Amino acid sequence: MDNVGRMLTNDYDSFAEAYAAANESNFANAHYERPAVLALAGDVSGHNILDAGCGAGPLTAALRDRGATVTGLDLSAEMIALARRRLGEDADLRVGDISDPLPFADASFDEVTASLVLHYLEDWGPTLTEFRRILRPGGRLIASVDHPFVAYTFRQPWPDYFTPDTYTFTWTIGEHSAPMKFWRKSLGAMTEAFTDAGFRLSVISEPQPDPASRELFPDDFERQATTPGFLFFVVEVPIPSALPVSATP
Ligand SMILES: C[S@@+](CC[C@H](N)C(=O)[O-])C[C@H]1O[C@@H](n2cnc3c(N)ncnc32)[C@H](O)[C@@H]1O
């Protein structure tokens, strides 16, 4: 990661508590993004799941509550500490970078969830290749990212939508401000990254917010119901077709 001025970008350690507290109950995460990922995941009872970029573990916990065995991985030691506080000493929670080779065996997971984390990576290729390796045939990656139509409105003049690039801004949560750096790509570049890594596209989703949130967050609900926010993907590891029977010599 690089620096903006003298401050580290994307330093979740520096605002872990504030981010986790907001994420717990806010509209965007608690009432929009997380319910959407859980709906896409469906019945995960008995499944083995890697929650990549798990943060303080709210999705990890929700998947575990639904009967899955979940491993959490995150770059931020402070986020992992909060996840441990939530999930307990026995939980498999690790500090690690999803850009690096992953410390898991081939075909050892039914699902990987990557909730709002891929847009921190310049190159999705090595990460998606690793996700594919650790997923069993038929296994699924469920990912959410900033919607490209939203990411591309951040900078004026209008940037070149078809050339992946980066943008930065200062994210303020309560009294905490942190410089953030995101990578954005077109929808086509995203789908190509998945298929180049050997995944088959199953779902591209722009879900509506949870109707239950309309009363709690009327303004957010109205905005989210009418404009893009996050984009959701479910991609699958193809199941190899039966091997051809060779002719007997
Ligand atoms: C927006 S938060 C989302 C956290 C969690 N998925 C959720 O939805 O509550 C993004 C998380 O990704 C983590 N992260 C960013 N880059 C990462 C990387 N290269 N490897 C692992 N985790 C990363 C951050 O530390 C942070 O906890």
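**Notes on the predicted model**

1. Thr60 is buried, with a relative accessible area of 2%, where buried means under 20% relative accessible area, exposed means over 50%, and partly exposed lies in between (1.4 Å probe, protein chains only). The residue is found in helix H3, residues 58-65; helices (H or I, at least four residues) and strands (E, at least two) are DSSP runs, numbered from the N terminus. The side chain of Thr60 makes a polar contact of 2.7 Å with the side chain of Asp51. A polar contact is a pair of N or O atoms within 3.5 Å; within protein, one must be able to donate a hydrogen and the other to accept it, and residues adjacent in sequence count only if both atoms are side-chain atoms. Apart from neighbours within four places in sequence, Thr60 is in contact with Asp51, Cys54, Val70 and Leu87, contact meaning heavy atoms within 4.5 Å.

2. A word on the basis of these values. This is a predicted model, in which local features need pLDDT of at least 70 and side-chain atom pairs count only at pLDDT 80 or more, while totals for chains, interfaces and linings use all residues. Residues are numbered from 1 along each chain as its sequence is written, and side-chain values use heavy atoms, with hydrogens and water left out.

3. Which residues lie closest to the ligand? Of the 19 residues that surround the ligand, the closest are Asn23, Gly53, Asp74, Asp97 and Ser115, a residue being near a molecule if one of its heavy atoms lies within 4 Å of it. By class, this shell has eleven nonpolar, six polar and two charged residues; here Ala, Val, Leu, Ile, Met, Phe, Trp, Tyr, Cys and Pro count as nonpolar, Asp, Glu, Lys and Arg as charged, and the others, Gly among them, as polar.

4. Taken alone the ligand exposes 600 Å², and the protein buries 97% of that, with accessible areas coming from the Shrake-Rupley method with a 1.4 Å probe.

5. Ser76 sits in the loop between strand S4 (69-74) and helix H4 (77-87). At 5% relative accessibility, Ser76 counts as buried, and, leaving aside neighbours within four places in sequence, Ser76 is in contact with Tyr12 and Asp13.

6. Tyr12 is also a contact of Tyr19, together with Asn29, Met79, Trp171 and Ile173, again leaving aside neighbours within four places in sequence. Tyr19 is found in helix H1, residues 16-25, and is buried, with a relative accessible area of 13%.

7. Two residues deserve a check of their backbone angles. Asn10, in the loop between strand S2 (7-8) and H1, has a phi near 55 degrees, a positive value in a residue other than glycine, and at 9% relative accessibility Asn10 counts as buried. Leu116 likewise has a positive phi of about 55 degrees although it is not a glycine; Leu116 lies in the loop between strand S6 (109-115) and helix H5 (125-134) and, at 14% relative accessibility, counts as buried.

8. The side chain of Asp110 makes a polar contact of 2.6 Å with the side chain of Arg136 and reaches the backbone nitrogen of Asn48 at 2.7 Å. Beyond residues up to four places away in sequence, Asp110 touches several residues, including Gly46, His47, Leu135 and Gly139.

9. Arg223, in helix H9 (residues 218-226), is partly exposed, with a relative accessible area of 41%. A polar contact of 3.2 Å joins the side chains of Arg223 and Asp220.

10. As for annotation, UniProt lists residues 50-142 for "domain: Methyltransferase type" in an unreviewed entry; positions are given in the numbering used here, feature names are shortened, and annotations may be inferred rather than shown by experiment. Over residues 50-142 the chain is 31% helix and 30% strand, and the end C-alpha atoms are 10 Å apart.
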